[in-house]
Amino acid sequence: MPRSTWTPCPGAIHLAPSVLAADFGHLADAVRALEGGGAERIHVDVMDGVFVPNFTFGTDTVRSLRRETELPLELHLMIVDPERHLVTFARAGADGITVHYEVSPHLHRTLGAIRELNCRAGAAINPSTAAHHLDDVLEACDLALVMTIDPGFGGQELIPRTLHKVEQVRREVERQGLATEVEVDGGVDTANARACVEAGATVLVSGTAVFGHPGGPAAGARAVLAAATGGD
Ligand code: DX5
Ligand code: ZN
């Protein structure tokens, strides 16, 4: 079992490029092309065609990506029964595993199981799920992911209302005195990255804006990070 020693720098704004927006025939090149762009982790969207109407990567792809990059692999499981697949994804090289509240009736137990596998544990909520549903598990997770689009496909527009939920989750993390990261995922680009940070997100997932950038993924990553941090 890989021993993930990944500890994100607290207080920094982190960019997690989503390889869903990369060319699946050249994933290794896409990940290597991120070098120098400031990406702090790689966001890997796993979809089963049931929880979301799309299919993407399995454990073999995660294992291949593991060989291609030193960057932490943060898996976003958009699958039903995620608790059945934690060990295989951890063995494939995941550093973080995020599961959805909507398909995890025993979310607290599942988050504990992820941590038992030496992976950072994340809990995600869809746009139609109220932020307070995470209140009682924030202390059990290292990351709270607020979907800013309906999950399943990249290239969508960020849903502005979801930023109110980011504010709510941020407030609750602070009220409980936790170090849980707050992440936004979906439609994040140079136009809204700053608003995501101002709402309380410290981890920005971005696919299309990074891999679709005319200057290439590293330039795309730098552009989103510069927008998020006001160029700091
Ligand atoms: C969608 C995924 C997101 C998506 C983000 O279900 O969870 O990670 O790939 O890609 P963009 O930035 O293109 O919306
Ligand atoms: Zn995602």
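## Contacts of ligand 1

A polar side-chain atom of Asp 185 lies 2.6 Å from an oxygen atom of ligand 1, a polar contact in the sense of a pair of N or O atoms within 3.5 Å; within protein, one must be able to donate a hydrogen and the other to accept it, and residues adjacent in sequence count only if both atoms are side-chain atoms. From Gly 155 it is a polar backbone atom that lies 3.0 Å from an oxygen atom of ligand 1. In total, 21 residues surround ligand 1, the closest being Asp 45, Gly 152, Asp 185, Gly 207 and Thr 208; a residue is counted if one of its heavy atoms lies within 4 Å.

This is a predicted model, in which local features need pLDDT of at least 70 and side-chain atom pairs count only at pLDDT 80 or more, while totals for chains, interfaces and linings use all residues. Residues are numbered from 1 along each chain as its sequence is written, chains are lettered from A and ligands numbered from 1 in the order in which they are written, and side-chain values use heavy atoms, with hydrogens and water left out.

## The zinc site

The zinc ion (ligand 2) is coordinated at 2.1 to 2.2 Å by His 43 (NE2), Asp 45 (OD), His 76 (ND1) and Asp 185 (OD). Donors are N, O and S atoms within 2.8 Å of the metal (3.2 Å for Na, K and Ca); water is not among the atoms, so sites may look incomplete. The site is octahedral, with angles of 73 to 177° among six donor atoms; for six donors this term requires opposite donors over 155 degrees apart and all others between 65 and 115. Ideal angles for six octahedral donors are 90 or 180 degrees.

The donor residues follow the sequence spacing H-x1-D-x30-H-x108-D. Asp 45 belongs to strand β2 (residues 42–47) and His 76 to strand β3, so the pair ties together parts that are 31 residues apart in sequence. Helices (H or I, at least four residues) and strands (E, at least two) are DSSP runs, numbered from the N terminus. Asp 45 is buried at 4% relative accessibility, and His 76 is buried at 0%; buried means under 20% relative accessible area, exposed over 50%, and partly exposed in between (1.4 Å probe, protein chains only).

Strand β4 (residues 96–100) has five of its five residues buried. Gly 96, Thr 98 and His 100 make up one covered face, and Ile 97 and Val 99 the other.

Strand β3 (residues 73–78) pairs with β4 in the parallel sense over three bridges, where pairing requires at least two DSSP bridges. Leu 75 stands opposite Ile 97. Strand β5 (residues 120–125) also runs parallel to β4, joined by five bridges, and Val 99 stands opposite Ala 123. Two right-handed β-α-β units include β4: one with β3 and helix α3 (residues 86–92), and another with helix α4 (residues 107–116) and β5. Right-handed means that, with the strands pointing away from the viewer, the path from the first strand over the helix to the second runs clockwise.

## Loop residues

Asn 126, in the loop between β5 and β6 (143–147), is buried at 11% relative accessible area. The side chain of Asn 126 makes a polar contact with that of His 100 (3.4 Å).

Most residues other than glycine have a negative phi. Asp 81, in the loop between β3 and α3, has a positive phi of about 50° and is partly exposed at 32% relative accessibility. Asn 118, in the loop between α4 and β5, has a positive phi near 65°.

Conventions. Four donors count as tetrahedral if all angles lie between 85 and 135 degrees; four count as square planar and six as octahedral if opposite donors are over 155 degrees apart and all others between 65 and 115; anything else is irregular.
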